[in-house]
Amino acid sequence: MKRLLILTSLLEGATGLALMAKPSSVVTILLGSPLTDPISIIIARLAGAALVSLSITCWFSQKNISVFGLITALLFYNVASVFLLGYAGLYESMNGIGLWPAVAVHIAMALWCAKLLYRIKN
């Protein structure tokens, strides 16, 4: 099981980071067609953040530090979501009715995760 978790962590982490950095290139490699509109790029980057979160969870789980890993993964995902959704609203003029409430929820969740990690470490 440890090898499965390590391999999953490495593969999904690399894919997630690549999606966050160069989403259109990754999608072209995987599906043969690039992403052309800003909405698709934001969604692909959010998917990348989710894959990195999965990677973090697998990495810490194989080290038997699963609660710490899970909270760290949640913190990463919430912070990435704040930045990606905030970017979508501020720089890409995407402003659906749920955008800013979603940003606020992810900020609150990130703060909660940070508080729990602080408690775990101290």
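This is a predicted model: local features need pLDDT of at least 70, side-chain atom pairs count only at pLDDT 80 or more; totals for chains, interfaces and linings use all residues.
Residues are numbered from 1 along each chain as its sequence is written, and side-chain values use heavy atoms, with hydrogens and water left out.

The protein has five helices and zero strands, and its elements run α-α-α-α-α from the N terminus on. Here helices (H or I, at least four residues) and strands (E, at least two) are DSSP runs, numbered from the N terminus. Along its principal axes, the C-alpha trace spans about 40 × 35 × 15 Å.

Two packed helices are described by the angle between their axes and the distance between the axes. The axes are lines fitted to C-alpha atoms, for helices over the stretch in contact, and the angles run from 0 to 180 degrees between N-to-C directions. Angles under 35 degrees count as roughly parallel, over 145 as roughly antiparallel, 65 to 115 as roughly perpendicular and the rest as oblique.

Helix α1 (residues 2-21) packs against helix α2 (residues 23-31) at about 125°, with the axes 5 Å apart; the two are therefore oblique to each other. In this contact (heavy atoms within 4.5 Å), Ala18, Leu19, Met20 and Ala21 of α1 meet Pro23, Val26 and Val27 of α2. By class, the contact of α1 with α2 has seven nonpolar, no polar and no charged residues. Ala, Val, Leu, Ile, Met, Phe, Trp, Tyr, Cys and Pro count as nonpolar, Asp, Glu, Lys and Arg as charged, and the others, Gly among them, as polar.

The axes of α1 and helix α3 (residues 38-62) come within 7 Å and cross at roughly 155°, and α1 and α3 are therefore roughly antiparallel. Their contact has 13 nonpolar, nine polar and three charged residues. For α3 and helix α4 (residues 66-91), the packing angle is about 165° and the axes are 8 Å apart, which makes α3 roughly antiparallel to α4. This contact of α3 with α4 has 17 nonpolar, seven polar and one charged residues.

How do the loops meet the helices? Leu35 lies in the loop between α2 and α3. Leaving aside residues up to four places away in sequence, Leu35 touches Pro23, Ser24, Val27, Ser40, Ile41 and Ala44. The C-alpha atoms of Leu35 and Ser24 are 4.8 Å apart, although eleven residues separate them along the chain. As for Met94, its contacts, again without residues up to four places away in sequence, are Pro38, Ile39, Ile42, Ala88, Gly89 and Leu99. Met94 and Ile39 are 55 residues apart along the chain, yet their C-alpha atoms are separated by 8.0 Å.

Finally, the aromatic rings deserve a glance. A search of the whole structure finds two aromatic pairs. In one of them, the ring centres of Phe60 and Phe68 are 5.1 Å apart and the planes are at 80°, so the pair is edge-to-face. Rings of Phe, Tyr and Trp (its six-membered ring) pair if their centres lie within 6.5 Å; planes under 30 degrees apart count as stacked, over 60 as edge-to-face and the rest as tilted. Phe68 also has the charged end of Lys121 over its ring, 5.2 Å from the centre. A charge sits over a ring if NZ of Lys or CZ of Arg is within 6 Å of the ring centre and within 35 degrees of the ring normal.
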